[in-house]
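Reader: Can you walk me through this one? I'd like the overall layout, then the packing.

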Amino acid sequence: MTIGVMAEPEAGSDIEPSEKAGAQTPRQAAAEIFSSRLSELIAESMVSTEDGSTRSLTLYALAQHLELAYPDVPVSQSGLYRLIHGDAIPRLDLIIALARVFDVPPEYFVTGENKR
């Protein structure tokens, strides 16, 4: 069962509250916070290659690492792409796995506070 709260439309307004510019559902707000946090961590991360050089972390490399380190957590490159672009919200087990990989508290991905 889903429970929603609807605000009364303003007098004389034919636009629903969710259609007004800037209105976000809690799900959209959570996806946006998670997306920005994960994007920031990926952009800051570097990985070592076999030849000793370093390069930026890719979604493919992150998905591979998560699959090896946390085989019980379902994740894919396309799933990470959807998370980065705010098209999905993650499961709790993925939040915990990502927090461990990036050495941040799980709360980092779900709160507006920028504490690491």
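This is a predicted model: local features need pLDDT of at least 70, side-chain atom pairs count only at pLDDT 80 or more; totals for chains, interfaces and linings use all residues.

Reader: Is S35 buried or exposed?

Author: Buried. The relative accessible area of S35 is 10%, and the cut-off for buried is under 20%.

Reader: Back up a bit. How many helices and strands are in the protein chain?

Author: Four helices and two strands. In sequence order the pattern is α-β-β-α-α-α.

Reader: What percentage of the residues count as buried?

Author: The protein chain has 116 residues, and 26% of them count as buried. As for the surface, the chain exposes about 8,200 Å², with carbon and sulfur atoms supplying 53% of that area.

Reader: What share of the contacts with a separation of 6 or more comes from residues 24 or more positions apart?

Author: In the protein chain, that share is 49%.

Reader: Now the core. Which residues touch the most other members of the largest nonpolar core?

Author: L38, L98, F102 and F109, in a core of 25 residues. Helices α1, α2 (59-69), α3 (77-84) and α4 (92-102) are the elements that give two or more residues to this core. The largest share is from α4, with six residues.

Reader: What does F109 touch, not counting residues up to four places away in sequence?

Author: On that count, F109 touches I33, F34, R37, L38, L41, I95, L98, A99, F102 and V104.

Reader: Switching to helix packing. At what angle do α2 and α4 pack?

Author: About 105 degrees, and the axes are 11 Å apart. α2 is therefore roughly perpendicular to α4, since angles of 65 to 115 degrees are put in that class.

Reader: Which residues meet there?

Author: From α2, L62, H65 and L66; from α4, L94, A97, L98, V101 and F102.

Reader: How many nonpolar, polar and charged residues does the contact of α2 with α4 have?

Author: Seven nonpolar, one polar and no charged residues.

How values were computed:
Residues are numbered from 1 along each chain as its sequence is written. Side-chain values use heavy atoms; hydrogens and water are left out. Buried means under 20% relative accessible area, exposed over 50%, partly exposed in between (1.4 Å probe, protein chains only). Contact means heavy atoms within 4.5 Å. Accessible areas come from the Shrake-Rupley method with a 1.4 Å probe; for residues, only the protein chains shown count as cover. A nonpolar core is a set of buried Ala, Val, Leu, Ile, Met, Phe, Trp, Tyr and Cys residues joined through side-chain atoms within 4.5 Å. Axes are lines fitted to C-alpha atoms, for helices over the stretch in contact, and angles run from 0 to 180 degrees between N-to-C directions. Angles under 35 degrees count as roughly parallel, over 145 as roughly antiparallel, 65 to 115 as roughly perpendicular and the rest as oblique. Ala, Val, Leu, Ile, Met, Phe, Trp, Tyr, Cys and Pro count as nonpolar, Asp, Glu, Lys and Arg as charged, and the others, Gly among them, as polar.
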